[in-house]
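I opened a new structure today and kept notes as I went.

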Amino acid sequence: MTSARFLGLAMAALLAGTAVTALADEPRRGGTLTYTYHPEPTALSTVATTAVPTALISTKIYEGLIEYEGAAMTPVPGLAESWEISDDQLTYTFKLRPDVVWHDGEPFTSEDVKFSIDVIAKGYHSRGRTYFGNVEEIETPDEHTVILHLSAPVPYLIRAFQAGETPLLPRHAFSDEEIAEERVRQAEIMQAPIGTGPFKLQEWNRGSYIILERNEDYWKEGKPYLDQVILRVIPDGAARAIAVERGEVDLAPMTALPPPEMQRLGGLPHLVSSQEGSEGLGPIMWLEVNLREAPLSDKRVRQAISMAIDRERLVDVIWYGNGQPARGPVVSGNPNHFDASLEPFPYDPEAAEALLDEAGYPRGDNDVRFTLTQNFLPYGEEWVRQAEYIRQQLRGIGIEVTNQSLDMGGWLQRIYTDWDYDFTSNFTHNYSDPTIGVQRAFISTNIRQGASFSNSMNYANPHLDDLFHQAAAMPDGPERKAIWDEVQQILREDLPVIFLIEIGYTHIWNERVHGLITNGISMYSNWDSVWVE
Amino acid sequence: MSKATLVFVLRRLLQVIPVVLAIAAFNFLLLKLAPGDAADIIAGQMGHATVEFTQQLRREFGLDLPLWEQFLVYMTRLLVFDLGVSHLQGLPVIDLILARLPATLILMITAIFIAVLVGIVLGVAAARRQGTLADNLISTLALVVYAIPAFWLGLMLIVLFSIQLDILPSGGMVSIGAGHTGLAHVLDVAWHLVLPAVTLGLFYVAVYTRLMRASMLEVYGLDFIATARAKGLSEGKIAWTHAARNALLPVATLCGVQLGHLLGGSILVETVFGWPGLGRLVFDALLQRDLNLLLGILFVSSVVVVIANLVVDLLYGLLDPRIVHK
């Protein structure tokens with residue numbers, strides 16, 4: 001990012017900050033917040049799918065065991081009013097609030113928590129086994145106490161209790177048959193949710209809108225402020241932008257708008273635009289490289305490709321300023337794990353050419369060194385344009401690239417099941433800890449055919465594997481941080497993928513809305529403190 | 001309805017069964033050719049799924065069975081009108097379709113009504129003034145409208161009528177949370193329907209104008225028109241009572257054929273206007289490899305198209321009494 005740009009952003013952030021403090025003194029009770037996102041959710045629980053549309057709406061209805069504050073995601077009391085972790089980090093004791101009821105009036109108890117972790121998270125959530133694999137036993141000595149017994153420490157466990165990651169579901173809403181026959185995802189509650197959250201489902205008019213209404217029995221005194229949260233389904237990107245511009249819609253979270261529209265709307269006086277509030281997700285994009293065959297198996301070739309791409313230009317031109325150049329596998333906004341000593345990747349086409357010559361790939365007929373096929377994520381126009389841009393840049397250093405377009409089903413199959421590709425853009429999240437978000441793509445035990453977003457590159461580095469194993473069983477602290485620093489340096493040097501951009505989630509909302517940004521997963525928070533003028 | 005017509009209808013309905021089943025079987029095999037399945041998509045969406053997780057999904061959806069067995073299960077269920085459960089939404093496919101079908105039918109019928117009505121009037125007007133400035137103007141206009149992409153036209157209409165003039169809504173089918181019932185609900189839907197129906201209909205206006213004009217010119221060359229003129233009938237009466245009715249047959253044929261086409265066109269219009277119809281559902285189902293839902297929609301739409309064509313066949317009899325169903 002150029003310094004002028006940075007200054008501009010900093011000024012904007014400062015101005016936005018003052019504006020919010022000036023107006024945000026008196027939260028007002030009542031009113032409706034309407035947001036838009038596409039596609040429409042397919043279910044109202046992240047147990048069915050953690051896709052963004054479902055995560056956005058279900059986290060207002062369901063809650064996790066505890067809550068989180070700030071970009072660093074500091075755990076604070078929620079449904080569990082207190083907790084204790086034993087010194088050896090093998091026992092977690094949670095005390096539950098006694099006054100919580102489900103949306104259907106039944107009391108919320110320790111049995112529900114046990115069920116939600118044991119049966120739901122471990123059995124059905126894609127990350128459940130990662131979080132709770134070491135949980136050997138869950139004890140419920142009374143209705144309001146839950147004790148987790150672990151076989152080995154899990155440093156990131158305390159951040160696993162987010163509403164989208166480990167939603168608490170009522171045991172009484174499932175029949176024994178549904179559980180025994182693994183029909184949880186087809187249970188009625190997936191469409192007609194019963195949670196403990198500040199909002200409950202009022203109406204779902206498929207294809208049009210979902211209305212959530214205030215939960216009058218919510219356990220937080222005086223909350224939520226809003227009467228209603230409405231999701232308006234508007235399939236067309238330009239039409240979504242028009243709705244936000246006209247004030248028909250108050251909020252376009254995350255990737256709800258096409259980047260050019262974000263830039264345009266961000267400049268309008270009645271709208272606020274912010275990239276804050278997604279630090280706990282850590283979105284990152286890279287070029288995934290198939291290391292099985294020459295020339296990409298040669299590190300120098302990958303380094304040359306990395307040097308041929310102007311990341312700042314990519315951010316500015318293709319992504320309309322949404323994001324910043326990546327400096328490694330961990331996003332720079334992650335306050336707990338990013339190695340701040342990492343420099344930006346150099347852009348140096350001449351050095352790239354020298355590296356390719358050295359690697360034994362001189363320019364041949366038509367000035368071409370070799371040819372490659374590029375795939376890209378089927379997430380929209382920007383991804384196509386980025387692929388075009390990269391093709392152009394690589395042509396400049398003598399690499400001829402053919403672009404190949406696939407839809408999501410085809411892309412997943414080709415990259416993760418067939419392993420039949422040269423390189424492809426890819427987009428993933430760091431989540432709350434590198435053991436969850438980073439290890440997965442680079443550890444050699446995850447070279448597994450058919451596992452999506454795994455180590456499709458065939459990258460195996462025993463030393464790195466060892467570091468991952470160490471970090472996975474060690475409490476957060478300077479020692480663990482040192483391991484993550486080394487991991488980042490190794491991956492930067494080896495380049496099993498070519499790190500491109502930390503894509504920014506730009507949320508755009510009407511200035512009448514307040515209190516949206518509360519932590520590192522603000523759009524997946526329950527919005528109980530959001531209010532409108 | 002005469003007995004002959006009744007027999008004709010029944011026979012045609014019986015013919016529908018093998019046709020629709022063959023379409024369903026063809027669809028099933030065609031969709032199986034596409035790489036990836038719903039388990040891949042859900043596992044992909046979940047970001048951090050393991051191989052075991054993906055296989056668990058396949059087992060839940062019955063996608064782990066051999067292809068012939070899946071085919072057999074699907075066709076057997078189809079015979080008793082069981083369309084199965086949507087992989088992604090976990091709801092019976094028939095419920096999802098029935099929730100969306102009315103919206104699409106309202107949009108399609110209104111659009112085709114606008115298209116046929118305006119198309120006939122303009123077509124007749126152009127034919128009566130063949131070679132004049134008015135004829136050229138109508139023909140050129142029709143060509144221009146025909147060439148405008150529906151999604152662009154839709155956006156332009158939104159800009160004009162909802163942003164600039166602020167008299168029509170920019171999208172949706174009802175006012176959210178208004179809870180209208182009865183007449184108020186009908187008016188609310190109609191108010192939301194104007195822009196999408198006009199957008200979808202305008203493209204076809206061009207088609208019908210051109211067709212009606214050509215058809216009218218053909219009829220104008222026939223002897224009975226000369227007879228009518230000799231009798232001293234007014235040009236207006238000749239055009240509307242004698243020529244137009246005869247010229248309508250090809251228009252009716254095209255209506256039937258184009259219903260399937262219209263269903264395709266409605267995807268774009270439903271997308272731009274957020275109209276909660278089948279078009280958008282089919283698009284999302286395809287991207288998400290929601291096989292049961294996709295097959296269900298294709299099944300229902302093939303039934304709709306086949307039945308619509310039957311209705312058109314019956315209309316022939318009304319338009320031209322010389323046509324008798326045997």
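These notes go from one chain as a whole, to a single residue, to the contact between two chains.

**Entry 1: the model.** I note at the start that this is a predicted model.

**Entry 2: chain A overall.** I looked up the secondary structure of chain A and found 16 helices and 21 strands. I then took the extent of its C-alpha trace, which spans about 75 × 55 × 40 Å along the principal axes. Next I checked the radius of gyration of chain A, which is 24 Å. A compact globule of 533 residues would have a value near 24 Å, so the two agree.

**Entry 3: inside chain A.** I asked how much of chain A is buried. I found that 58% of its 533 residues count as such. I also looked at the contacts in chain A with a separation of 6 or more, and 71% of them are between residues 24 or more positions apart.

**Entry 4: one residue, D99(A).** I picked D99(A) and located it in the loop between β5 (91-96) and α3 (110-124) of chain A. The side chain of D99(A) makes a polar contact of 3.1 Å with the side chain of R97(A). I also took the distance from D99(A) to A482(A), 383 residues away along the chain, and their C-alpha atoms are separated by 43 Å.

**Entry 5: where chain B meets chain A.** I turned to the interface and found 49 residues of chain B in contact with 52 residues of chain A. The size of an interface is often given as the accessible area lost when the parts come together. Between chain B and chain A the buried area is about 4200 Å², and carbon and sulfur atoms give 53% of it.

Entry 6: I counted 6 salt bridges between chain B and chain A. I looked up the one between the side chains of R59(B) and E182(A), with 3.4 Å from N to O.

**Entry 7: the chain B side.** Which element of chain B supplies the largest share of the side that touches chain A? I found that α3(B) does, with 9 residues. By class, I listed 22 nonpolar, 17 polar and 10 charged residues on that side of chain B.

Notes. Residues are numbered from 1 along each chain as its sequence is written. Chains are lettered from A and ligands numbered from 1 in the order in which they are written. This is a predicted model: local features need pLDDT of at least 70, side-chain atom pairs count only at pLDDT 80 or more; totals for chains, interfaces and linings use all residues. Side-chain values use heavy atoms; hydrogens and water are left out. Contact means heavy atoms within 4.5 Å. Buried area is the accessible area (1.4 Å probe) that two parts lose on being put together, summed over both. A salt bridge is a side-chain nitrogen of Lys or Arg within 4 Å of a carboxyl oxygen of Asp or Glu. Helices (H or I, at least four residues) and strands (E, at least two) are DSSP runs, numbered from the N terminus. Ala, Val, Leu, Ile, Met, Phe, Trp, Tyr, Cys and Pro count as nonpolar, Asp, Glu, Lys and Arg as charged, and the others, Gly among them, as polar. The radius of gyration is taken over C-alpha atoms; the globule rule is 2.2 Å times the number of residues to the power 0.38. Buried means under 20% relative accessible area, exposed over 50%, partly exposed in between (1.4 Å probe, protein chains only). A polar contact is a pair of N or O atoms within 3.5 Å; within protein, one must be able to donate a hydrogen and the other to accept it, and residues adjacent in sequence count only if both atoms are side-chain atoms.
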